Amino acid sequence: MNITAVLIDDKIVTYHLFLSCKSEEVRIHQMYNEQSNGKGRKGLSVLVGRKIRKIYGKKSTAQEVLKGIDIEVSKGEFVGIMGPSGSGKTTLLNVLCSIDHPTEGVVEINGQSLSGMKEKELAKFRREQLGFIFQDYNLLDTLTVKENILLPFSISKLPKAAAEARLKELVGLLGIEEILNKYPNEVSGGQKQRTSAARALISNPALVFADEPTGALDSKSATALLKNLEKINQQKSTTIMMVTHDSVAASFCSRVLFLNDGAIYTEVYRGDKTRQQFFQQIINTQSVLGGDGYDA
Amino acid sequence: MTLSRLVFRSMRKNLKQYYLYFFALIFSVTLCFSFTTLQYNPSVTEALERSGTANAGFSAASYILYVIITLFVLYASQLFMKRRSKEIGLYQLIGMTKGLVVRLIALENVVLFLFAVCIGMVLGFFSSRLFAMILMKMLDIDMVIHLVFSQEAFKQSVIIFAILLVVIILQLAWMVRRVSLLSLFSATKQADERIKRFSVFQAVMGFLGLLFIAVGYYLSTILFDIKSGFLNNLFLNMILILVSTMLGTFLFFRYSVSLIMNVIRSNKKGHLKVSDVLAVTPIMHRMKGNSKSLTLITLLTGLAVGIMSLSYISFYSSGTNARQASPYDYILLNDKGTEFINQLEQEEIEYEQDSYNISSVMLNIADLVSVQLEELTLFDGATQTTVIPLSNLQQIEPGVQLEEGEAYLTSYVNVLAEIMPLEADKEITVKAGEIELPLYIKEIREDFMLSEEVALGSPILVVTDSVFEEIQSNNIEETQFTSQIGINLIDERDKNQAEELYKNLADERTIAIGENDTYSFTLESYEELRKRNITALGLTIFVTAFLGLAFLLTTGSILYFKQMAEAEDERESYKILRKIGFSTNDILKGIYAKQAFNFGVPLVIGLLHSYFAVKSGWWLFGTELVAPLVIIMGLYIVMYAVFAILSIQYYKKVVKESL
C-alpha cells in the first residue's frame with residue numbers, strides 16, 4: 001500500500017491509495033483534508049452525504065455507478081460537479097436531491113436524513129427545502145412565466161402579498177420582469193432558464209440543484225445566467241450545487257468537485273482567484289487528471 | 001430478417017401499447033356479429049313473425065351499427081397510429097422505403113384483424129344468445145332460443161371488417177406517404193401550437209355558443225306551445241332547435257370552455273392552485289384540438305340518451321297506456337257480457353266491480369282553453385262529451401264532492417292536455433237534447449274509469465246525480481253507451497284463468513254502435529292491451545337499447561383512449577412537478593378534476609340536450625317521463641363513471657412511473 005500526496009495549486013489533498021480487493025487495479029479513494037486559504041469551513045453543513053453507493057441492475061448485470069462518495073456542502077457555497085460522461089455526475093445529483101435513492105449511504109440536508117422519508121414527506125421536503133434548475137428548463141408550457149415561477153406555491157400556501165413580493169425581488173434580480181405574462185414558447189432559451197431559476201429560488205430553498213443549466217444555452221445567455229446565479233449566491237447566500245461539463249460554467253463556482261468513475265477524484269477551490277485564474281486551474285486539473293473523455 | 005418476422009417482432013413488442021386497439025377491434029366484431037347472428041337466428045325470426053312484429057327494424061339498425069363501428073374503429077386506429085409515428089419515422093430513417101413501411105403496417109393490421117375477427121365472432125356468437133334471451137323477455141315470449149351459426153351473419157360481418165381493413169390500410173398508406181420524416185417525429189407534438197393568447201373574437205364566439213344552446217333549449221320548451229304559434233311550422237322549428245343546439249355545442253367546446261377557464265385562471269393573477277395547474281390550464285389549451293371530438297361525443301350521447309329514453313318511455317308506459325284504455329282489468333259495456341260475471345262466479349274467482357251510468361252532452365271545449373284559438377279551428381264548436389254522475393266517480397274516488405251546478409272534467413291527460421291545457425274555475429253551458437244547462441267547472445281531473453272506446457280520448461264530464469238524471473232523460477236517442485261495468489280481480493293469480501274466460505266471450509265483447517250498427521269493435525282486457533303494446537314496442541326498445549349501448553361503449557372508449565394519449569403527452573409535466581416537490585397525491589387531485597371535466601362535461605351537456613329533447617315531446621310516446629328518463633340517464637352516468645375510473649387508473653400509473 002502506498003500513500004501519496006499530490007499538490008494541486010496551493011491546496012494539499014491527501015490521497016490514500018489502496019488495492020482493490022476484487023481486481024488488481026489500483027483505485028483512488030480519497031479522504032481529503034482541506035486547507036483552503038484561510039476560509040476554512042463555513043459554519044453549518046447544508047448538505048452531507050456519507051458513503052453513498054448506487055448500484056443499478058440486478059446481481060448479474062449490476063453496475064456500480066457511485067462507489068462510496070462522501071460529500072459535504074456548507075451554507076452559502078456554490079459547488080460545481082464536473083466529470084466525464086458516465087462518471088456519475090447526474091446520478092450523484094439525483095441521489096443528493098432526493099429524486100433517486102442511494103443503494104447505500106446516508107444523505108442529510110439541513111440535518112434531516114432523507115433515507116427514512118416516505119414519498120409524501122420527500123415531496124414536501126423538496127418543495128420547501130430544495131430548488132431545481134434543469135438543462136431542458138422543465139417549464140410547463142401551458143402556464144405563463146409568472147404562473148410557472150409561482151408553481152411551488154400552488155401547494156405550499158403562502159399569502160399572495162408575500163409571494164408577490166418575493167416574485168418581484170427575484171424577477172428584478174434575474175431581469176425577467178418584461179416576460180411575466182408570456183408563455184414559455186414565446187421567450188428565448190435564456191429567459192426560459194432564468195424563469196426556471198426564479199421558480200427554483202422562489203421558496204427560499206436551503207439548497208439549489210442545477211443540472212447542466214447552461215447545456216442548452218448559447219454562450220452569451222449561459223454567461224448571463226451564471227452571473228445571475230453567482231449574484232444570487234453572493235447576495236442572498238443561497239447554497240447552489242451545479243453539475244456541468246463546461247469549464248467556463250464551473251469557473252463561476254466557489255468549489256469544483258471532479259468525479260471520475262463513480263468516485264470523487266479531486267476538488268479545487270476558487271479562493272480569492274479571479275474567474276479567469278480559476279478557469280485556468282480547472283483546465284489544468286482536467287489535464288492533470290488525464291482529461292480523456294472530458295467534453296470541455 | 002424477413003418482413004413477416006419483423007412484423008411479428010414489432011407486434012410482440014408493441015402488444016402492451018396496442019392491446020387496447022386490439023380490444024377495440026374485438027369488441028366491435030363482437031357487437032357486430034352478435035347483432036347479425038340475432039338478426040338471422042331462425043327462432044328469433046319465427047318468434048317475431050308470430051307476434052306480428054316487423055323485422056325491418058333489425059336491418060335498419062344493423063346499418064346504423066355498421067356506421068358506429070366504422071367510425072369507432074377508424075378513430076381508434078388513427079389515434080394509435082399517431083402514437084407510433086416515431087417508430088414509422090425510425091423505419092424510414094434506417095432506409096426502408098415508404099412502400100415497405102406501409103406493407104409492414106398493413107401486414108400487422110391484417111394479422112390483428114384476423115385475430116380480432118376470430119375472437120370477436122366466438123364472443124359474439126355466445127353473447128348473441130344472451131341478447132336473444134333479453135329480447136324474448138321484453139316481448140313477453142316464452143321460448144327456448146337455439147343458437148344457430150348463421151352463414152349470412154358470418155358473411156356480412158366478414159365483409160364489413162374486410163372493408164374496414166382496406167379503409168384503414170388506405171388511411172395508413174395515405175398518412176405514411178403524406179407526412180415527411182420530420183413531421184413524423186413531431187406528430188405527437190402537433191398539439192403544441194396550442195398556446196395562443198385569447199382574443200375578443202374568441203370571447204364573442206364563446207358567448208355565442210352559450211347563447212345558441214340557451215336559445216335551442218328555450219325553443220324546445222315552447223315547441224308544442226299553442227301560444228308560440230310554433231305548431232304551424234313544427235318541422236322548420238325542429239330543424240332550428242337542432243341547428244342551434246348543435247352549433248352551440250360546438251362553439252361551447254371550441255370557445256366557451258377556454259373562455260371560462262381563462263377567466264378563472266386570469267382571476268388568480270398567477271397564483272394558481274394544483275387543480276388549476278393540472279386541470280384548468282391543460283384543458284384550456286387542448287380545447288382547440290379536442291373540441292370536434294367532444295362535440296361529436298356530446299351530440300351522440302344526447303342523441304343516444306334521447307332516443308333510448310323515448311323508446312323506454314313508450315315501453316315503460318305500455319302498462320299505463322293500457323290502464324288508460326282499459327281502467328279495469330275487464331270492462332263490459334251496455335248490458336253485454338254479463339255472461340263473464342256468471343263464469344267468474346262459477347269458477348269461484350274473486351272480483352270487485354264498479355258500475356257506471358253513461359250519457360252525453362254537447363260541450364264547447366274552446367270555452368275552457370286558456371288561450372285564444374283563432375288558428376285552431378279544430379276545436380271550434382260543440383263536441384259530444386261523455387257524462388257520468390258523481391256517485392259513479394265516488395266509487396273510485398270517495399272523497400270528491402260537488403255542489404249543485406258544479407262539475408268536474410276528468411280523464412284529461414296526454415297529448416291534448418299538453419298541447420291545449422284546460423282551465424278550471426269557469427262557467428260553461430252544455431246542451432242535452434233540447435235543454436241547456438249552465439255548469440261551473442270546479443276542477444280538471446286525471447282519473448280514468450271508462451273504456452277508451454267510450455270516451456275516445458276526450459275528457460269526461462262528471463256532474464251531480466240530479467243533473468245527470470236531467471241530462472239522461474233529455475237525450476236518450478243520442479247516447480250510444482248507457483252503462484259500463486268495470487271488473488277487477490282481487491287475486492292476481494286468477495289472471496290466467498280469467499283471461500281465458502274473457503277470451504271465450506267472443507261475441508259478448510263485440511259492441512256495435514251507430515245507425516244500423518255501422519261501427520263495431522271488440523273490447524280488450526287490460527292484459528291484452530298491455531301485451532299488444534309490448535309486442536309492438538319490444539323490438540324497437542331492444543334495437544334502440546342495443547344501439548344505445550354501442551354508442552355508449554364507443555364514445556366512452558374514445559374518451560378513454562384520448563385520455564390515455566393525453567396522459568402520455570403529459571408524462572413530462574408530471575415528471576417536472578414531482579421533481580419540484582408535488583407528491584403523487586397532489587398531482588392526482590388535479591387529475592380527478594380534469595377527469596371530472598373530460599367525462600363529466602360531455603355527459604352533462606349530452607344529458608341536458610336529451611332532457612330538453614325528451615321533455616319537449618315525450619307525451620307523444622307515453623305517459624311516464626321521470627322514471628324512464630332517470631333510469632336511462634342513471635345507466636349512462638354509471639357507465640361513464642366506469643370509463644372515468646379506468647382513465648384515472650391509467651393516469652395513476654403514468655404519474656407513479658414519471659419519476
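**A helix pair and the chain contact**

Reply: In chain B, the axes of helix α8 (residues 200-221) and α9(B) come within 7 Å and cross at roughly 145 degrees, where axes are lines fitted to C-alpha atoms, for helices over the stretch in contact, and angles run from 0 to 180 degrees between N-to-C directions. This is a predicted model, in which local features need pLDDT of at least 70 and side-chain atom pairs pLDDT 80 or more, while totals for chains, interfaces and linings use all residues. Residues are numbered from 1 along each chain as written, chains are lettered from A and ligands numbered from 1 in the order written, and side-chain values use heavy atoms, without hydrogens and water.

α8(B) passes α9(B) in a left-handed crossing (the near helix is turned anticlockwise from the far one by less than a right angle). The residues of this contact divide into 18 nonpolar, 10 polar and one charged.

From here the view can move to the other chain. The contact (heavy atoms within 4.5 Å) takes 33 residues from chain B and 31 residues from chain A. Three salt bridges are found across this interface (a side-chain nitrogen of Lys or Arg within 4 Å of a carboxyl oxygen of Asp or Glu), and in a salt bridge the side chains of D586(B) and R127(A) meet at 3.5 Å, N to O. α9 (234-267), α10 (274-316), α19 (571-579) and α20 (584-617) of chain B each supply at least two residues of the side that touches chain A, helices being DSSP runs of H or I with at least four residues, numbered from the N terminus. That side of chain B divides into 11 nonpolar, 10 polar and 12 charged residues, with Ala, Val, Leu, Ile, Met, Phe, Trp, Tyr, Cys and Pro counted as nonpolar, Asp, Glu, Lys and Arg as charged, and the others, Gly among them, as polar.
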